[in-house]
Amino acid sequence: MALEFILPQDPHAGASGTFDVVIVGAGPSGLTAGIYCARGRLSTVILERNTAGGQMALTERIENYPGFPEGIPGFDLTEKMKKQATQFGADLREITTVAAMEPAEGGLWSVITDQETVTGKVIILAPGVVPKTVGVPGEAEFLGRGVSYCATCDGALYRGKQVAVIGGGDSAVEEGLFLTKFADAVHVIHRRDELRANKIAQERAFANRKMHFIWDSVPRVIRGETKVEGVEIQNVKTKALSMVPADGVFIYVGQLPNTGFLVNVVELDQWGYIVTDELMRTSQPGVFACGDAKIGPIKQIAWAVGEGALAGIQAEKYLDSMACVQATGASASACEAGLSEAGGDGAASAGGAGAEGAASAGGEPAASGDESPS
Ligand code: NAP
């Protein structure tokens with residue numbers, strides 16, 4: 001692809017640890033927000049506690065993301081998104097865990113990591129989710145010695161063996177199918193008599209002779225001496241107990257949002273997901289959220305990418321509006337109205353600075369966060 005439209009980033013942008021935009025999380029939504037912000041000439045840092053990609057990177061093959069009719073390994077799609085964000089100038093800092101964020105002077109936000117504190121005029125929260133545990137004896141004890149939450153990472157260890165998969169959703173069925181490449185038998189243990197997974201995955205799973213389904217059953221104990229030997233299960237209807245022999249147990253019973261550091265910072269729902277409006281605005285001015293850790297109807301890469309794009313565009317508009325407030329003394333709402341009348345092209349009708357002023361990395365801090373953009 002020709003890159004002649006890519007503008008060089010200001011080499012001093014973010015050098016002081018102050019950025020136009022700080023993105024927390026480098027899954028598909030965070031990386032997409034990074035592409036939009038960096039391409040909008042905003043100094044942008046993306047903080048990621050692991051390596052980039054989130055759950056996407058752990059997915060063996062992605063078949064429902066547009067543009068890849070043959071499917072694409074999650075790792076490869078991650079690499080492409082990462083390259084796209086960084087080539088536009090986003091500063092991706094992996095293995096950097098965000099511990100807290102708090103308001104700073106001048107309407108800025110401090111984001112405190114295990115390595116440094118960075119400051120942002122705008123924050124985009126894209127912290128993603130982690131796998132839920134099933135909470136049975138043996139699960140924690142055998143973690144890394146037979147219990148796994150990642151078939152892509154650990155599946156090859158079970159060549160010629162048998163494994164159990166707990167759950168009946170997309171992850172359980174799709175990752176179970178992946179495990180049939182290695183294991184001789186994959187026992188899917190599901191608490192109901194009907195799968196939650198999408199229909200194509202179900203059809204493939206039912207047609208695969210290595211996939212065995214154990215219905216209406218939940219795990220009670222993961223058993224073994226030095227390594228996993230099987231799962232004791234209970235039928236939820238008959239209450240009967242039985243043993244499923246397995247050398248490995250893969251747990252796919254859903255996900256939890258990585259939002260512990262956001263308690264009392266932005267509004268979360270009762271399950272810990274970040275509450276936003278339709279423009280990705282959280283309860284705090286200048287703080288946006290996108291991706292799986294945010295409330296939303298589905299958890300899909302295509303959806304996360306759309307939210308990341310919207311959050312990135314909203315970040316830019318917010319900075320334009322704050323620059324206009326500073327330059328003109330007009331209210332945030334007047335500036336926003338002026339900017340939208342001007343087609344996002346500058347604050348002409350509000351009589352102030354346009355996108356250029358707002359987007360410059362070394363510019364003055366945004367106006368006080370007292371004026372909510374919502
Ligand atoms: P999920 O859709 O929430 O499914 C979790 C599964 O685990 C359900 O079958 C659930 O049973 C079962 N379960 C939950 N708690 C349990 C417990 N304590 N004991 C036993 N079983 C339990 O989670 P997921 O499969 O990880 O998927 C998460 C999201 O990512 C979903 O929105 C999914 O669509 C999406 N995703 C999409 C794709 C794709 O499009 N290819 C791939 C992977 C994930 P019930 O069915 O009885 O509730």
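I began with helix α3 (residues 74-87), which has 14 residues and reaches 20 Å from its first C-alpha to its last, close to the 20 Å expected at 1.5 Å a residue. I note here that the model is predicted.

I then looked up burial along α3 and found Gly74, Leu77, Thr78, Met81, Lys82 and Ala85 buried. Seen down the axis of α3, these buried residues fall within an arc of 135°, so they line one face of the helix. Which elements cover the buried residues of α3? I list among them α1 (28-39), β2 (44-47), α2 (54-57) and β3 (91-93). After α3 comes Gly89, and I read its phi as positive, near 115°.

I next turned to residues other than glycine. Most such residues have a negative phi. I recorded Arg41 with a positive phi near 65°. Arg41 sits in the loop between α1 and β2. Is Arg41 buried or exposed? I count 22 other C-beta atoms within 10 Å of Arg41, and 20 or more is the cut-off for burial, so Arg41 is buried.

I also recorded Met280, another residue other than glycine, with a positive phi near 70°. I place Met280 in the loop between β16 (255-257) and β17 (287-289). Met280 is buried, with 27 other C-beta atoms within 10 Å.

**Strand β1**

I looked up Phe19 and found it in strand β1 (residues 18-24). Phe19 is buried, and I count 27 other C-beta atoms within 10 Å of it. In sequence Phe19 and Gly120 are 101 residues apart, yet I find their C-alpha atoms 4.9 Å apart in space.

**Ligand shell**

I then examined the 21 residues around the ligand, of which Gly167, Gly168, Gly169, Ser171 and Gly254 come nearest. Which helix gives the largest share of this shell? I find that helix α5 (residues 170-179) does, with 4 residues.

**Whole protein**

I closed with the totals. The protein has 9 helices and 17 strands. Of its 374 residues, I find 48% buried. Among contacts between residues at least 6 apart in sequence, I note that 63% join residues at least 24 apart.

Terms used:
Residues are numbered from 1 along each chain as its sequence is written. This is a predicted model: local features need pLDDT of at least 70, side-chain atom pairs count only at pLDDT 80 or more; totals for chains, interfaces and linings use all residues. A residue is near a molecule or strand if its C-beta atom, placed from the backbone, lies within 6 Å of it. Helices (H or I, at least four residues) and strands (E, at least two) are DSSP runs, numbered from the N terminus. A residue is buried if 20 or more other C-beta atoms lie within 10 Å of its own, exposed if 12 or fewer, and partly exposed in between; C-beta atoms are placed from the backbone. Two residues are in contact if their C-beta atoms, placed from the backbone, lie within 7 Å. The expected span of a helix is 1.5 Å times one less than its number of residues. The arc is that of the directions from the helix axis to the C-beta atoms.
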